[in-house]
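Subject: Structure handover

Hello,

Here is the structure you will be working with. Please open it before reading on, and then go through the notes below with it in view.

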Amino acid sequence: MKNRKRALVLAGTAAALAATLIAAAPAPAAPKVAAVHGGGTIRYPYVPSSHDIRFTVDAEAAPWSRPFPAQGGEQGMPVDARGKVTIYHAMPDENVIAVGEAEVDCLVTGGRTATVTAVVTSSNVGWEGKRIGISVQDGERGGPDRLGFSWGIANVDVQPDGSVSEPRVGTCMAPAPFTEVTKGGFKVTPAPLPPRPSTP
């Protein structure tokens, strides 16, 4: 009888210990989501120093959220994203302030660098409907953040007759972050590409 009671006590203790360990085990970590957040003033060498150029970027990955109905129900792309980009460019020499706001449609990260594209939804310079590309580098070891954009020095298509045109920017396409952020900054949260969703 004593042995039976002892066995029951030991079994109860083991069950209680197992329940405690299960309760204390950390929950599985949520998948990391790529993101870029922040804003800053940049130094751009091809305009007078009196110009004030600022960007804000708030973008987060939303994989497979922009389906292509015309492509047989394709679920979208792993780099689909949502968010907003704003641009401000004050030109005192011309007494002009150009502003624009764009809806993010693509985001891809690699280490401390990210590329974002967004379609302009409102502007005072006639850019509505235009896709723009922005690249951001989160500075490290005390170095400055950097930013690049798809107009000004890049994205030129040279025709056979020597004339040039500006082609459309594709999703997640932007040049390297070629300018330095002089005020403010950006935080890049990198994440691996997500798996393709299972088909029903």
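Helices (H or I, at least four residues) and strands (E, at least two) are DSSP runs, and they are numbered from the N terminus. Read in that way, the elements of the protein follow the order α-β-β-β-β-β-β-β-β-β-β. That gives 1 helix and 10 strands. Please keep in mind that this is a predicted model.

The barrel

How are the strands arranged? A closed barrel of 8 strands runs E1-E2-E3-E4-E5-E6-E7-E10, and the pairing is antiparallel. From one strand to the next, the twist averages 30 degrees. Strand E1 (residues 35-43) pairs with strand E10 (residues 179-189) in the antiparallel sense, over 9 bridges.

Two figures describe the protein as a whole. Of its 200 residues, 30% are buried. Among contacts between residues at least 6 apart in sequence, 56% join residues at least 24 apart.

Salt bridges

The structure holds 7 salt bridges. Three of them are described here.

One joins arginine 131 and aspartate 105, at 2.9 Å from N to O. This pair links distant parts of the chain, with arginine 131 in strand E6 (residues 131-137) and aspartate 105 in strand E4, 26 residues apart. Are these two residues buried or exposed? Arginine 131 is buried, and aspartate 105 is buried as well.

Another salt bridge is between glutamate 101 and lysine 84, at 3.8 Å from N to O. Glutamate 101 lies in strand E4 and lysine 84 in strand E3, so the pair ties together parts that are 17 residues apart in sequence. Glutamate 101 has a relative accessible area of 32% and is therefore partly exposed. Lysine 84, with a relative accessible area of 40%, is also partly exposed.

In the remaining example, glutamate 103 forms a salt bridge with arginine 66, and their closest N and O atoms are 3.6 Å apart. Glutamate 103 is in strand E4 (residues 96-110), while arginine 66 is in the loop between strand E2 (52-61) and strand E3 (81-91); the two are 37 residues apart. Glutamate 103 is partly exposed, with a relative accessible area of 44%. Arginine 66 counts as partly exposed too, at 29% relative accessibility.

Aromatic residues

The count of aromatic pairs comes to 7. Tryptophan 127 sits in the loop between strand E5 (113-123) and E6, and tryptophan 151 in the loop between strand E7 (146-149) and strand E8 (157-158), so far as the chain goes 24 residues apart.

Why does tryptophan 151 count as buried? Its relative accessible area is 17%, and buried means under 20%. Tryptophan 127, at 23%, is partly exposed.

Ring pairs link Tyr44, Tyr46, Phe55, Trp127, Phe149, Trp151 and Phe178 into a cluster. Tryptophan 127 also has a charged neighbour: lysine 130 lies over the face of its ring, at 3.8 Å from the ring centre.

Regards

Key
Residues are numbered from 1 along each chain as its sequence is written. This is a predicted model: local features need pLDDT of at least 70, side-chain atom pairs count only at pLDDT 80 or more; totals for chains, interfaces and linings use all residues. Side-chain values use heavy atoms; hydrogens and water are left out. Two strands pair if DSSP finds at least two bridges between them. Axes are lines fitted to C-alpha atoms, for helices over the stretch in contact, and angles run from 0 to 180 degrees between N-to-C directions. A salt bridge is a side-chain nitrogen of Lys or Arg within 4 Å of a carboxyl oxygen of Asp or Glu. Buried means under 20% relative accessible area, exposed over 50%, partly exposed in between (1.4 Å probe, protein chains only). Rings of Phe, Tyr and Trp (its six-membered ring) pair if their centres lie within 6.5 Å; planes under 30 degrees apart count as stacked, over 60 as edge-to-face and the rest as tilted. A charge sits over a ring if NZ of Lys or CZ of Arg is within 6 Å of the ring centre and within 35 degrees of the ring normal. Contact means heavy atoms within 4.5 Å.
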